[in-house]
Amino acid sequence: LNSLTHLCFSPIQVTGTKSLPKSMNETNYSRVTEFVLLGLSSSRELQPFLFLIFSLLYLAILLGNFLIILTVTSDSRLHTPMYFLLANLSFIDVCVASFATPKMIADFLVERKTISFDACLAQIFFVHLFTGSEMVLLVSMAYDRYAAICKPLRYMTIMSRRVCVALVLISWFVGFIHTTSQLAFTVNLPFCGPNKVDSFFCDLPLVTKLACIDTYVVSLLIVADSGFLSLSSFLLLVVSYTVILVTVRTRSSASMAKARSTLTAHITVVTLFFGPCIFIYVWPFSSYSVDKVLAVFYTIFTPILNPVIYTLRNKEVKAAMSKLKSRYMKAGQVSVVIRNVLFLERK
């Protein structure tokens, strides 16, 4: 232990941090420039199988979510606040799936899975940006359902186009503030020894444990930051949907059935998204293997399940998709769809 301490506290210079004590500056040791990602499995036999499975899943995520975006933008009947927010949710889902999945898929083909220090920080930045934004956007979608069901006569006034745009911008702003505060805990930590991350991407709690100083306080701050956003958003969602259901109970059975049908999809998505996040950050004593499975769940399976949940339980979306298919999927019309998708990506 003494030799390890002597090795870690060597005379490295890290921008924004104080120089190490002179008594520890006896061994010359350079700062870690890359991390080794241990990935999902160390078995070489499983790598081709995992490569195929996750490539197909990622392709399904892209196709499913871009199909929702294309359907909402191309059908005037879906130009409503709820579907505007749904299209933005699909875009964020694509972002959540894309910050680490392409590299994970590429890493299945190589034996040594490494990532540079800067790229590792970039992954930390984007995962908290996208997940933080999605949490707030889900709260906005709950507010939209509250206005539609509990305040139907004032719905279009409450959820005007300006309000919808503001809600989306607020979600991105909160996500940016959240990820900036998380990155501030990490960027100046000294990394001078261990560099193996037991995951397929740079998960913040795992990376901070590799620093060559005591990170107990930093880990608590990270958990408190993410836990506060997760729990506050989740509690707002629970309160919102509880108020909606209590309000609808006083109305006709037909209204109750319609509200339940609408809310089931929203509540399912909320549960699938917040379950893993809260478990990882509010219950920090889980094993790394469990964290790895949950990380796959919210970066892969949640983005692929959202389009399925919203389309299978929504007659308007299914009707719009059928109309879209009959309009574009004719001989000589496929190129129109491709141009529309490319235009949306550039926009």
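**Figure 1. Secondary structure of the protein chain.** The chain comprises 13 helices and three strands, where helices (H or I, at least four residues) and strands (E, at least two) are DSSP runs numbered from the N terminus. The model is predicted: local features need pLDDT of at least 70, side-chain atom pairs count only at pLDDT 80 or more, and totals for chains, interfaces and linings use all residues. Residues are numbered from 1 along each chain as its sequence is written, and side-chain values use heavy atoms, with hydrogens and water left out.

**Figure 2. The open sheet of three strands.** The strand order is β2-β1-β3, with mixed pairing; two strands pair if DSSP finds at least two bridges between them. Because β2 (114-116) and β3 (196-197) each have a single partner strand, they stand at the edges, and one side of each is left without a neighbour in the sheet. Strand β1 (residues 34-37) runs parallel to β3 and is joined to β3 by two bridges. L37 has V197 in β3 as its bridge partner.

**Figure 3. The nonpolar surface patch.** Y216, V217, L220 and L221 form this patch, with about 420 Å² of accessible area together. Areas come from the Shrake-Rupley method with a 1.4 Å probe. L221 belongs to helix α9 (residues 216-249), and its relative accessible area of 40% makes L221 partly exposed, a class between buried (under 20%) and exposed (over 50%).

Terms used. Patch = residues over 30% accessible without salt bridge, like charges linked within 9 Å, V, L, I, M, F, W, Y side chains within 5 Å. Salt bridge = Lys/Arg side-chain N within 4 Å of Asp/Glu carboxyl O. Buried < 20%, exposed > 50% of the residue type's maximum accessible area, 1.4 Å probe, protein only.
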